[in-house]
Amino acid sequence: MSVVQRKSKENEWYLSGIFAGLWITGKHLVKNLLNKKQMPTLNYPEEKYEYSPRFKGNHVLTVKKDGSLRCTACMLCATNCPAECITIVASEHEDPTVEKFPIHYQIDILRCVFCGFCEEACPVDAVRMGPEWQTPGINGAQFNYDINHLAYRPQLKGGIQTVLDDEERHKSGI
Amino acid sequence: MPKCTINGQEVVVKDGATIIEAIHHNNQKIAHYCWHPGLSVAGVCRLCMVEIEGNPRLQIACNTVVSEGMKINNTSEKVKDAAKWGLDFHLINHPLDCPICDQAGECGLQDQYMEFGKYDPEMAERKVKKKKVVDLGPTVVLDTERCILCSRCVRFTDEVSKTNELGIFNRGDRSEIGTFDGKELDNKYSLNTVDICPVGALTSKDFRFRQRVWYLKDAQSICTGCSTGCNVKVYFNKEGLFRVKPVFNEKVNGYWMCDEGRDIYKFVNKNARLLKGKKKKPTGFEEFFPGALAKDISSLVTADPGKVAFVVTGQFTNEEYDQVFSLWTKKWGSKNIFHWLNSPEKQNEFDGLLLRGDRNPNTQGLLKRLKDFGISTQWKDLITKINTHEIDTVVVAGPENPIWFPDFKEKLASLAKAKSLIWMQSSNHPEFENVPAGTYLIPLKSFVEKEGTFTNYSGLDQKFSKVTTIVSEALTLTEACTLLAGENLMIRPDPNVLIAAHPTADRVTLEHRKKNEFVFRRGAL
């Protein structure tokens, strides 16, 4: 690798470059002090940036009207996942119209690359990427999210309801 | 022997052969559901339409006999259109269950739809709802909605298993597969109906929801369930084996295999295996690497080979028998080799189709080799010799699937009377907990982890190759006996290994690569 040095009038002399830099810094300092609203930076922990509602953050498993999981354990998300961070164990449901459901659904969030392929692959709107983006944890924190965290964490207030309803689909004969 | 032309290719077929058989033997593709080479012709799915020159309308290939000079075409637009709209009728009442259906990935409907279908459905009516998850019997679950009424399973129970449990009930779009009241689909071959079902209507209780089929790789092997030696495909991934399906072999098993043979994968998976070499002490087991343990205790065998007995079951390959017997007889001149077969009174039992009472895949091979090496020993001699201390050490090559050996506990107890017992076996057994101190357990490789030849009941030699590795430290019988004889294992270097023109497949990376191949081909699927 080679470093390209551009030769121009500004950087031909040492001091002129320094003053040019200082001029730009000073200009922005004064500008930001006079017009605080247009300042591009935020006082992070106190102020937070509002992302678009379509932001792809941490995963959410949606629930049906009765609060049970929407996921049918078809494993399409796990198949589609390029990071291979989704583990699902399917089981037989006692209700024959549901038939199959996951008894274990785990996302290794540290492996996840937040590509959103799982959301795209899901045929039943069971997994979504939520707006949550701050997921800190101290040493020993659990980053393998299980069903309890993905579907019923306190921030979701009882779970996000899916838009797809099996009962209505059955009624309309699909 | 009439001659016909299939898609411009001249083919000579057998007398009385149907068009679909001719196409099948010529390795050309044709869409079909109800036709199966092992069953009679039903002609109900109307998908195998072909164009015959001089015939104004399309004909079904499965029920039309080839005549001299027939010109058949199954690639024209007219044929594809017929298959497409035939498929539309099949899919009218078929539910959109693919995400939860076990057949997804190997489903006839999915395959044909991708090849011939891709239409906008023109049915505005509601789908007919039927019963889901019907318990047909101990092995099979039925979903009546998904059934396309090809009647393969009904014909199977009529013609092959001859148990007549299944039938088609009701009429029109309400017709469904079912069993008569109070009767269950409970026969020794019931899981074949799951194999031949082209859709996910019949699913196996054992395999249900355990894996999606696209996560599994398959490889051909030989069933070790009995002396018939059915050719099988085992489906596996890095977690182990998941199911076994039959492969067509005219000389051995035809298209079928029995339900008990499908359980052989359970003895191979890690949870049923001996994983480490073990030495029983009064306080419990001490674990060793299998090879190191075998080498360690070689002094027990080599000190006085005349006082050592070798007990062998019919579960090992011909190559292993050859090498081990020649080690025993030629090196030591010992003829203390005893064979142990499961329930000798059942040896000649046969259920008329496939399953035999002799539950060893290689009894014929073992008996032949015992004869070749001039060994004719009786089991009761072994017991008396142990009791009179004529034999100190007993080396046992135990069965892979001990549940088919009803005398396992009894044999283990009688052999444990010897001064030291070396038990080599692939699978674990609860009885091993009760063996006396001073017993050694050495894990062996199972049939999927080695290659070799089995001789089946009729004397047919069948070669099989290695499928995968489950317990990597386990030894083959040859390796274990070589180490017990105090010798080192010879690993012959492959002369071609460094030559780029002969690359050997790296098994470890290959498994990962195979999975990734699927991921990269995502768009194509």
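Reader: At what angle do helix α8 and helix α12 of chain B pack?
Author: Helix α8 (residues 318-332) and helix α12 (residues 477-484) of chain B pack at about 15 degrees, and their axes are 9 Å apart. That makes α8(B) roughly parallel to α12(B), a label for angles under 35 degrees, with over 145 roughly antiparallel, 65 to 115 roughly perpendicular and the rest oblique. Axes are lines fitted to C-alpha atoms, for helices over the stretch in contact, and angles run from 0 to 180 degrees between N-to-C directions. Helices are DSSP runs of H or I with at least four residues, strands are runs of E with at least two, and numbering starts at the N terminus.

Reader: Which residues make the contact?
Author: From α8(B), E320(B), Q323(B), V324(B) and L327(B); from α12(B), L477(B), T478(B) and C481(B). In contact means that the C-beta atoms, placed from the backbone, lie within 7 Å. By class, they divide into four nonpolar, two polar and one charged (nonpolar: Ala, Val, Leu, Ile, Met, Phe, Trp, Tyr, Cys and Pro; charged: Asp, Glu, Lys and Arg; polar: the others, Gly among them).

Reader: What kind of model is this, and how is it numbered?
Author: It is a predicted model, where local features need pLDDT of at least 70 and side-chain atom pairs count only at 80 or more, while totals for chains, interfaces and linings use all residues. Residues are numbered from 1 along each chain as its sequence is written, with chains lettered from A and ligands numbered from 1 in the order in which they are written.

Reader: How much of chain A is buried?
Author: Of its 174 residues, 20% (buried: 20 or more other C-beta atoms within 10 Å of its own; exposed: 12 or fewer; partly exposed: in between; C-beta atoms are placed from the backbone). The C-alpha atoms of chain A fill a box of roughly 80 × 45 × 40 Å along the principal axes.

Reader: How many residues of chain B are in contact with chain A?
Author: Eleven, and they meet 17 residues of chain A. The chain B side has six nonpolar, no polar and five charged residues.

Reader: Where does K132(B) lie?
Author: In the loop between α3 (108-116) and β6 (134-135) of chain B. Beyond its neighbours within four places in sequence, K132(B) is in contact with P96(A), T97(A), E99(A), D143(B) and E145(B).

Reader: Why is K132(B) called partly exposed?
Author: Because 19 other C-beta atoms lie within 10 Å of K132(B).

Methods:
Two residues are in contact if their C-beta atoms, placed from the backbone, lie within 7 Å.
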